[in-house]
Structure formats: structure tokens, C-alpha cells
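Subject: Structure handover

Hello,

Please find the structure below.

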Amino acid sequence: MDSSVTLDRVVMRFGDFTAIEPTSLEIRSGEFFSFLGPSGCGKTTLLNIISGFLTPSEGDVRIGDASMRGVAVNHRPTAMIFQNLALFPLMSVYQNIEFGLEVRGVDRTTRRRKADELLDLVALGGSGDKPVSALSGGQKQRVAIARALAVEPRVLLLDEPLSALDLKLRQHMRNELKAIQRKTGITFIYITHDQGEALAMSDRVAVMSAGRIQQVADPETLYHRPKTPFVATFVGENNRLPGRVVECHAGLAVLEVPGLGRLTGRCESELSPGQPAALFVRPEHLSPSSAEEETEAPRLEVRIETVSFEGAWRMLEARLVATGDTLRILAGQGEGSALQPGQTASFGYAPDKAIVMADDGSPML
Ligand code: ATP
């Protein structure tokens, strides 16, 4: 069955404020799709439009090829898992899972069989009679998933459901959610401000800022080929060195960066000489370079400010000697790992690892 979700020129206004700028998008049937963006960018608003809690000011939502215009929340083939889970704390696990089926008039035996199947799916088999209040955070999470799946939605909407869990459990539940999505083949639409979560679970991610989708792509593409400065800095860490374009051809751009001279990086769109732009280079792509090296590669002189030990690597926070701007550098074993705060050092990068993009005025993190 086609469980794709299409947003067709959807706009949402609250009074004079436009929360969702015109947005068109197709979420594929059976896909794990995430909306990722900072607080207030419009993620919940979009989810509420898909579920039917909100009616868009303009445009239409389709599930499969059916328009959802005028279709009430409880008549849509969707189910939602909220941030606070919204379980009934005084009821048993069975009662929670069977609730939606009971409302739909499903008989007791069928309800129980379905609940047992779902408890097995979420690895809670045998816990049906326990009161929900006696469960751990991760177990409650699983009950919420089972309850949402009980009504056999074609599309499951998840509103930051892991945010209340501690880090270890959150990472574990990411894998569980992904596995459940694979097993059921249901279209999952997940919203989060946590880029690690979105990258780890999703087939594709829409990165949002201020009511606009900046880029829709698979996690690898978002990380390695961000289309806008906002995506480059919101998805993973990135250093940004602003300047003006000197030239751009054959996929490489030369940027004049005040205090640092000419820096080279990849460019994927047209850039004109003189245009304001910035070079983005990730902390893991900076490596120590010595003054004796005969190399064309750019060298960035820095003074180390802090060194954070993070297990397999160290994160160095440094200041560019020429400009005073901050540069973050990931130093693995050996390379640069002996550097201490107060020392000066020189770092370089391979130009094909850096990206030059026009400054589009979008907010930066
Ligand atoms: P968060 O991660 O904090 O939940 P979000 O990305 O989900 O943020 P939304 O809740 O969708 O953001 O809100 C988007 C914008 O629309 C915000 O500026 C918010 O203040 C505004 N907004 C949302 N609902 C309403 C409403 N009912 N009336 C007026 N403004 C609203």
C-alpha cells in the first residue's frame, strides 16, 4: 500500500506570523524520515499539519494519493507518539495498548492477541499485566510505540519521543526504533533538534530553519555536501571562515579571507568574483602542518586555548593568530595530541575537504 506523505505547497500562518513558508515535499512510503532543526523552526507545526491537529493556511497534505483536506485526526491513517508519551499511568500495559482498539469496537480476544504480538515486537513480551507506573523510562517508551502501532497506522508521527531518556538509553532506543520501523515497513516521520539522532536513524532528513526547508537528503549527503551555510553548521561541527570570492572554476573556489590570505575549497554552485562567501572546514579535516613543508596547502596559525579529552580524540579550541576567530580542531592519537593551551601551532587542510558557499544571510550557529 502507498503510505507516502506529500506536502503540496503547504503554508501555515498564525495571525501575521508565517510559521511555515511555502513547502512542498514527498516523504516516501516506508521511509524513516526526520525533520531536523532548532527550537521554533516549525517542526511541530508541520507534524501537526500531517496529523490533522492543525489545518494549513494554504496547500494540501496527501497520504498515498488521498487528500487529507477536511479529514479529521481520528480518520487519518496516522498515529502519533508525543514527547511526554501521554500514557495512562494508572492502567496496565495491556489496557494502554488495547485502548485504541477498544474505542474502535475490536473484540477482547482479538485485542489481546494484537497486544501480545506488539509486546513481542517491542521486546516487552510477558509484561502486559504490569501497571505502566511500574515501568522504567525505556519500557514506557516501548509501550507508547506498541500503543501507537495497535491501530495499524500507515504513518507514525514521532515528536521528539526520546528526549526524556538518558544518553545510553536514548542511543539504544534509536536502534530499536529503527529496527521496529524496518520490521513493520510503516512510514516513520520523526522530529528532533538533535542532529545525532536524525543522522543515526533516518533514511532522509529535512533540515529546517525559520519555517523553511534548507535541504532534504540522506545523512551522508547532508554531512559531506551541505547545500547552505546553515546546514553546514547545524549538521555536525564546522569552522566558518568568511571572505570574498577571488575566482571559482572547475569545482574549486579561491577565497580572500582577511588576515589569512587566499584559501581554496570545493564549490558546487556558481560564485562570482567579489561575492561575500565563507569557507567551511570540519574539525576532523584540520591537521598539523610544519613550516618546513613545501606545500601549496593553506596553513592556519593558531594559539591553542583549551584541550578537551574525549576518549579516542581531543577537541582543541584555538584562536587564529591573524584574526582572533575561533577554530575547532579534532586531534586523534599522535597528531596534535600533545598540544597544550598557550602553545602556537600551524594547521592545514586538503582543499577538497573544505567547501566554499555564498553567504546567504541565513542564521548561523
Ligand atoms: P520546538 O522544538 O521548540 O518544539 P518547533 O520547531 O517544533 O520548536 P513550532 O512549535 O512548530 O517549532 O513553532 C514554530 C513557530 O510558530 C514558533 O515561532 C512558534 O512560536 C510559532 N507558533 C506555533 N504554534 C503557534 C500558535 N498556535 N500560535 C502562534 N504561534 C505559534
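Two residues are in contact if their C-beta atoms, placed from the backbone, lie within 7 Å. That term is used throughout what follows.

Please note that this is a predicted model: local features need pLDDT of at least 70, side-chain atom pairs count only at pLDDT 80 or more, and totals for chains, interfaces and linings use all residues. Residues are numbered from 1 along each chain as its sequence is written.

Confidence

The pLDDT (the predictor's confidence in each residue, from 0 to 100) averages 90 over the protein, and 95% of the residues score at least 70. Strand S1 (residues 5–14) has the highest confidence, at a mean of 98, and helix H5 the lowest, at 86. The ipTM is 0.96 and the pTM 0.90.

Overall layout

The protein has 8 helices and 20 strands; helices (H or I, at least four residues) and strands (E, at least two) are DSSP runs, numbered from the N terminus. Its C-alpha trace spans about 80 × 45 × 35 Å along the principal axes. Among contacts with a separation of 6 or more, 65% join residues 24 or more positions apart. Of the 365 residues, 38% count as buried. A residue is buried if 20 or more other C-beta atoms lie within 10 Å of its own, exposed if 12 or fewer, and partly exposed in between, with C-beta atoms placed from the backbone.

Domains

The domain assignment gives domain 1 (5–229) and domain 2 (237–358); such bounds come from an automatic or database assignment. The C-alpha centres of domain 1 and domain 2 are 39 Å apart. Between them, 4 residues of domain 1 are in contact with 4 residues of domain 2. On the domain 1 side, the touching residues are 2 nonpolar, 1 polar and 1 charged. Here Ala, Val, Leu, Ile, Met, Phe, Trp, Tyr, Cys and Pro count as nonpolar, Asp, Glu, Lys and Arg as charged, and the others, Gly among them, as polar.

An unreviewed UniProt entry places the feature "domain: ABC transporter" at residues 5–235. UniProt positions are given in the numbering used here, feature names are shortened, and annotations may be inferred rather than shown by experiment. Over residues 5–235 the chain is 37% helix and 26% strand, with its end C-alpha atoms 24 Å apart.

Ligand shell

The residues around the ligand include Phe14, Gly37, Lys43 and His193; a residue counts as near if its C-beta atom, placed from the backbone, lies within 6 Å of the molecule. Strand S2 (17–27) and helix H1 (43–51) are the elements that give two or more residues to this shell. H1 supplies the largest share, 3 residues. By class, the shell holds 4 nonpolar, 7 polar and 1 charged residues.

Two residues to look at

Met173 lies in helix H5 (residues 167–184). Met173 counts as buried because 21 C-beta neighbours lie inside 10 Å. Leaving aside neighbours within four places in sequence, Met173 is in contact with Gly138, Gln141, Leu162 and Leu165. From Met173 to Glu98, 75 residues apart along the chain, the C-alpha separation is 23 Å.

Ala277 is in strand S14 (residues 276–281). Ala277 counts as buried because it has 26 C-beta neighbours inside 10 Å. Beyond four places in sequence, the contacts of Ala277 include Gly243, Val245, Leu271 and Val356. The C-alpha atoms of Ala277 and Ser136, 141 residues apart along the chain, are 50 Å apart.

Regards
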